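This report describes selected local features of a single model. The sequence and the structure are shown first, and the description follows.

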Amino acid sequence: MEPLNKISLIAPCGMNCGVCVSYLAMKYDLKKQGFRKKYCSGCLARGKNCTFMKNQCDLLGKGLVRFCYECENFPCSRLKALDKRYRTKYHMSMIENLEFIKEHGIEKFLEKEEEKWRCSECGEVICCHNGLCLNCSLDKLRQNKKYRWDEQA
């Protein structure tokens with residue numbers, strides 16, 4: 001079920017869909033394992049432009065820019081709010097992601113992300129939304145289906 005092009009998993013707002021709980025639930029087909037989680041293959045892979053920002057930004061909604069950093073209003077107030085929520089809850093920054101992509105390119109960004117979100121136990125991907133590897137840490141998720149980063153401590 002893995003998309004052929006990993007680059008299509010980078011949303012215009014800077015979200016790496018490959019570390020998202022909805023994408024990983026699809027990748028590991030968690031519904032077959034008893035979890036009720038919405039599946040998502042990413043905005044671009046589904047033919048969408050940006051689910052986070054499309055209603056607030058005509059450029060993204062119509063697919064006129066590939067990334068938010070291409071806009072003269074970067075970072076806009078909506079992106080700043082999204083970034084604050086993700087930095088606080090999920091240990092990632094959309095704005096930092098976009099600045100890195102702008103400066104170094106998508107390939108370097110994907111290399112950095114693969115290292116950052118790699119599970120030390122099995123080598124698969126750690127989910128940004130809960131800090132778990134959905135390949136080898138499903139027992140923690142089974143115990144608490146609303147598992148969040150701050151509950152690990």
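Which residues in H4 meet which residues in H5? On the H4 side they are Asn-97, Phe-100, Ile-101 and His-104, and on the H5 side Ile-106, Lys-108, Phe-109, Lys-112 and Glu-113.

## Basis of the description

The model is predicted, so local features need pLDDT of at least 70 and side-chain atom pairs count only at pLDDT 80 or more, whereas totals for chains, interfaces and linings use all residues. Residues are numbered from 1 along each chain as its sequence is written, and side-chain values use heavy atoms, with hydrogens and water left out.

Helices (H or I, at least four residues) and strands (E, at least two) are DSSP runs, numbered from the N terminus. Contact denotes heavy atoms within 4.5 Å.

## Helices H4 and H5

The axes of H4 and H5 come within 7 Å and cross at roughly 130°, which means that H4 is oblique to H5. Axes are lines fitted to C-alpha atoms, for helices over the stretch in contact, and angles run from 0 to 180 degrees between N-to-C directions. Angles under 35 degrees count as roughly parallel, over 145 as roughly antiparallel, 65 to 115 as roughly perpendicular and the rest as oblique. By class, this contact of H4 with H5 has four nonpolar, two polar and three charged residues; Ala, Val, Leu, Ile, Met, Phe, Trp, Tyr, Cys and Pro count as nonpolar, Asp, Glu, Lys and Arg as charged, and the others, Gly among them, as polar.

Within H5 (residues 106–116), the buried residues are Ile-106, Phe-109, Leu-110 and Glu-113. Seen down the axis of H5, these buried residues fall within an arc of 100°, so they line one face of the helix; the arc is that of the directions from the helix axis to the C-beta atoms. H4 is included in what covers the buried residues of H5. Buried means under 20% relative accessible area, exposed over 50%, and partly exposed in between (1.4 Å probe, protein chains only).

## Helices H3 and H4

H3 (residues 77–90) and H4 (residues 94–104) have axes that come within 7 Å and cross at roughly 110°, so H3 is roughly perpendicular to H4. From H3, Leu-79, Lys-80, Leu-82, Asp-83 and Tyr-86 meet Met-94, Ile-95, Glu-96 and Leu-98 in H4. The classes represented in the contact of H3 with H4 are six nonpolar, no polar and three charged residues.

Asp-83, in helix H3, is buried at 4% relative accessibility. The side chain of Asp-83 reaches the backbone nitrogen of Met-94 at 2.8 Å. Leaving aside neighbours within four places in sequence, Asp-83 is in contact with Met-92, Ser-93, Met-94, Ile-95 and Glu-96.

## Backbone features in the loops

His-91 is found in the loop between H3 and H4 and has a positive phi of about 60° although it is not a glycine. His-91 is partly exposed, at 44% relative accessibility. A positive phi, of about 45°, is also present at Asp-29, which is not a glycine. Asp-29 lies in the loop between H1 (21–27) and H2 and is partly exposed, with a relative accessible area of 21%.

The peptide bond from Phe-74 to Pro-75 is cis, with omega near -10°. Pro-75 is placed in the loop between H2 (58–61) and H3.

## Ser-22 in helix H1

Ser-22 is found in H1 and is buried, with a relative accessible area of 9%. Neighbours within four places in sequence aside, Ser-22 is in contact with Lys-37, Lys-38, Tyr-39 and Cys-40.

Methods
A polar contact is a pair of N or O atoms within 3.5 Å; within protein, one must be able to donate a hydrogen and the other to accept it, and residues adjacent in sequence count only if both atoms are side-chain atoms.
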